[in-house]
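Me: I have a two-chain model open and have not seen it before. Could you take me through how to read it?

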Amino acid sequence: MSEIRTILATDCGSTTTKAILIEKQGDEYRLVVRGEAPTTVEAPFDDVTVGVVNAVREVEELSGRRILCGGKIVVPTQGDEGVDIYLSTSSAGGGLQMTVTGVVKSMSAESAERAALGAGAIIMDVIAVDDGRKEYEKVKRIRELRPDMILMSGGTDGGTVTHLVEIAEMLLSADPKPRLGIGLKLPVIYAGNREAAAPVKDILDAKVDIKVVDNLRPTLERENLGPAREAIHELFLQHVMQQAPGYGKLMTWTSAGIMSTPNAVGKIIQTIAEQEGINVLAVDIGGATTDVFSVFAGDFTRTVSANLGMSYSICNVLAEAGLGNIRRWVPFETDEEYVREQLRNKMIRPTTIPQTIEDLYIEQAVAREALRLAFDHHKSLARELTGVQQTRTIGEALSQGATGKSLVRMMDLDMIVGSGGVLSHAPRREQSALMMLDAYQPEGVTMLAVDSIFMMPQLGILSTVMPEAASQVFKRDCLIKLGSVIAPVGNGSEGRHACTIVMNGERIEIPFGTIKVIPLAEGEKRQVEIEPGRGFDAGSGKNKTHTAEVEGGIVGMIIDARGRPLNLPSDTGKRVAKARESLKAFGLNEGLKE
Amino acid sequence: MATAYTPGLKVTPDTNIRKTRRLPLKGQVMVGMGAQVEPDTVVAMTELPGIMQTVRVPEVLGIEPSDLGRYLKVAVGDRVERGMMIAESKSMFGLIKNECKSPVGGVVELISPVSGHVGIRHKPTPVEVRAHICGRVIEIIPDEGVILEARGALIQGIFGIGGERLGQIKVVVDSPADILEEDRVTEDLAGKVVIAGSNITGAALRKAASIGVSGVVTGGIIDKDLVAYLGYDIGVAITGQEAVATSLIVTEGFGVIRMAERTFQLLKHLEGQQASIDGSTQIRAGVIRPEIIVPCEMSAESAQPAESEQSLDIGTKIRLIRSPHFGQLAEVTALPAEPVVIESGAKVRILEARLSGGEVVSVPRANVEIIQG
């Protein structure tokens, strides 16, 4: 690591290619500059490297460092020119789109889904023997979809063979074609019962490009997702990236291949969780999709809600959440038709921005619902393995909990990181904090943070070769801490005592139904005692005082005593009044008409 | 020199138009280089392989999969007809026969040694790609299709539903502000491309579909009326495959929005001519906008280039594409270089523009589109 002094990393997004330059300054690595340019995978350029070069040119102009020579990136450094290492990620061209199949929906199919999501894919469909559809419906569905690849799973090693053969026959029947590369065979990864590998290969070999890897669910008690994820990543490079214009050339420029953007973001989140020893929830809410990442007790889960976003998919949020759920977050009375038309027009003109404060709050209300729905989806997948017997003792047998419990435990969550335009670029950081509070309803003590300029993908791929450097830049230049939030769990009547915060010898009483923001600057830490009101849990159990260290941030220390779960008044007038109170607590009520 | 963030839609009476006509699978190109084609000329064709139907022979005959070979009457590659016996077993000293018949006509593709299932591939379905416009073949994509070139009028909409249609243009309103009501949708409009003004009502749209109108072009559509017409909500703007009788092209947006004067006048000028329309829309990953194409005779004058690079300058004509002032036309009067804080609190680059009524407004540059032509 001591030999690497300059690092260039790019992320080729669907719309924009972003380049960052990192340099070693003294003993640590720091972000120097960031440049961007439109992504050029489509006509008339049809070559992603054009956009990369344009973004790097901006980096050159801003940093004063020459990096390009003859239209290519100079690697390694030559004197004062070039960089020591160049890395890139990509989500251009729609990313990696996969279909997964399994035998049992809640077991092998779900494990396959986790494998594919963890590798950065968008899941188009999950097909299982027991998914309730008739065979011809599944065949029709597979035909209609044009995935980049299919992941097949099912059967523990030594288990069912017949079901796997039936799934193979179904795939053969559908004769699926890849999304990219007319005339090419669809890549299929087989990661099921090893005893069924040979008959499955016999059936499919002539029609698809089949690759056999270790079973991703070799026993009911164990998942082995690594080999499948690696195979997905390899095939992503070979098949998907090679088809995308200019990527073959780009891969010869980079020092470590190209990683899909969500895969890379997952890597940096895992790195940080591991290095800091914390439980983290991270979200990237984009125009079309919302990616959610979590690490709880070392278990990493990623989900992508490919149907929830703030521009292209904004009407999906409307359809899934319903207008009522969106309007409940808006701090003024709204006309139903007006809100619907705003969202429809945003869908067809996605690059527009809210000009009025009212339109901003409508969009931020939609964001809350997109975040909430994506999080619900995430919680349903981030769970313990189903099909596993938990009986160990008679006591446990008598009180056997449901298998498939969610891994996401809000009381244990240490940090939430928000990313994506609506969170990272909200006009006021307080708005980002309030959106995350409303959508996620963190419990106990949690740090809220946002990604300053969305460089998590670049830091993610960097973390695979230089984890320390990636971590340093993440903490010092990427992450903007908004502040710790204290949220006691429980509900009560308005005005009743929710908790008392004891800090610096001072006692601060917090009534139920309120939010309080206490100034505490970034980097400042305090030991606090939280004395919950009767029936409330601050982190150590009901009615028990909880001691914690809180940290300040751009917003400050936040105490959210509105209740967990959060219940909004059903009466519109009262709800609007409550929303305005929350805004006032953060100093956000200017500009709204009375 | 500043550039608009949102590329404008094309509304031009005379331009070069190129269309790629491509098969979904490899097949055969049916026309040659330089060939003149009509909208219904088949330019390429292929066969979509049929679905493979699985016949569970062991379950039907009550035998073990491993015994299939003794009873099967067909082999891989054999053609079978619907109702033809493909396997037979006998029991009770040959007195009882169990037959398994093919449920479809096709070719035996799979005999599984593990499950004993027999897969029969249905007959393929022919797939044709037509030209859709009058034009000339300027490039052959081997085994896949062609690129056509034509000269004529091109009008792009902002959003549409329904796929490719043909029809004669018929303007049925008096001004671009008029709402097309049900009583003006008459039987003689069947097969035509009907031009509305600021809106078409839900009832009028349903009537148009019932009498067989090819397509409707309107300035705006009320969101609820569109959902009722489709029968479901639209989640993302990827359209073109809807099972609707009448394609719809919206030129301005959702709501009651006056059709742009330029667009309306051009459509009036083209009235009576045959148009090739397509409601297909895709907002991301390869933007596709709905369009109306009316080819014309090649004239001695050269056409306007299809892609004209335009940028924001003082005097540029723009349309405001976000509230407030949604849909209004304006002319740029100032382009301050430094970002300013707008009402929402965001700090962005803005421009100043004079509305048609004379008022000068300040608008984020992301919220305008240049009127292209």
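What follows goes from whole chains to domains, sheets and single residues.

Me: What should I know before reading any value?

Reply: This is a predicted model, in which local features need pLDDT of at least 70 and side-chain atom pairs count only at pLDDT 80 or more, while totals for chains, interfaces and linings use all residues. Residues are numbered from 1 along each chain as its sequence is written, and chains are lettered from A and ligands numbered from 1 in the order in which they are written.

Me: How many helices and strands does chain A have, and how compact is chain A?

Reply: Helices (H or I, at least four residues) and strands (E, at least two) are DSSP runs, numbered from the N terminus. Chain A has 18 helices and 24 strands.

Me: How many helices and strands does chain B have, and what does the globule rule give for chain B?

Reply: Chain B has five helices and 31 strands. The rule gives 21 Å for 373 residues, and the radius of gyration of chain B is 28 Å, well over that value, so chain B is more spread out than a compact globule. Along the principal axes, the C-alpha atoms of chain B fill a box of roughly 100 × 55 × 45 Å.

Me: Where can I see burial in a single helix?

Reply: Look at helix H16 (residues 456–465) of chain A, which is mostly covered, with eight of its 10 residues buried. Among them are A:Met456, A:Leu459 and A:Ser463. For contrast, A:Thr514 counts as partly exposed because it has 17 C-beta neighbours inside 10 Å. A:Thr514 sits in the loop between strand S20 (506–511) and strand S21 (515–518) of chain A.

Me: Which domains are assigned in chain A?

Reply: Domain bounds come from an automatic or database domain assignment. For chain A this gives domain 1 (6–92), domain 2 (95–243) and domain 3 (280–383 + 405–585). Two residues are in contact if their C-beta atoms, placed from the backbone, lie within 7 Å. By that rule, six residues of domain 2 of chain A are in contact with eight residues of domain 3 of chain A. On the domain 2 side, the largest share, five residues, comes from helix H2 (residues 108–118) of chain A.

Me: How far apart do the centres of domain 1 and domain 3 of chain B lie?

Reply: The assignment for chain B gives domain 1 (52–122), domain 2 (158–289) and domain 3 (317–370). The C-alpha centres of domain 1 and domain 3 of chain B lie 71 Å apart.

Me: How do I read a sheet in chain B?

Reply: Two strands pair if DSSP finds at least two bridges between them. One open, antiparallel sheet has four strands in the order S5-S10-S9-S6 (chain B). S5 and strand S6 (79–80) of chain B stand at the edges with a single partner strand each, so one side of each is left without a neighbour in the sheet. Strand S9 (residues 106–111) and strand S10 (residues 118–122) of chain B run antiparallel and are joined by five bridges. B:Val107 has B:Arg121 in S10(B) as its bridge partner.

Me: How many residues does each chain bring to the contact between the chains?

Reply: Chain B brings 44 residues and chain A brings 45. Strand S5 (52–55), strand S21 (247–254) and strand S30 (360–364) of chain B each supply at least two residues of the chain B side.

Methods: The radius of gyration is taken over C-alpha atoms; the globule rule is 2.2 Å times the number of residues to the power 0.38. A residue is buried if 20 or more other C-beta atoms lie within 10 Å of its own, exposed if 12 or fewer, and partly exposed in between; C-beta atoms are placed from the backbone.
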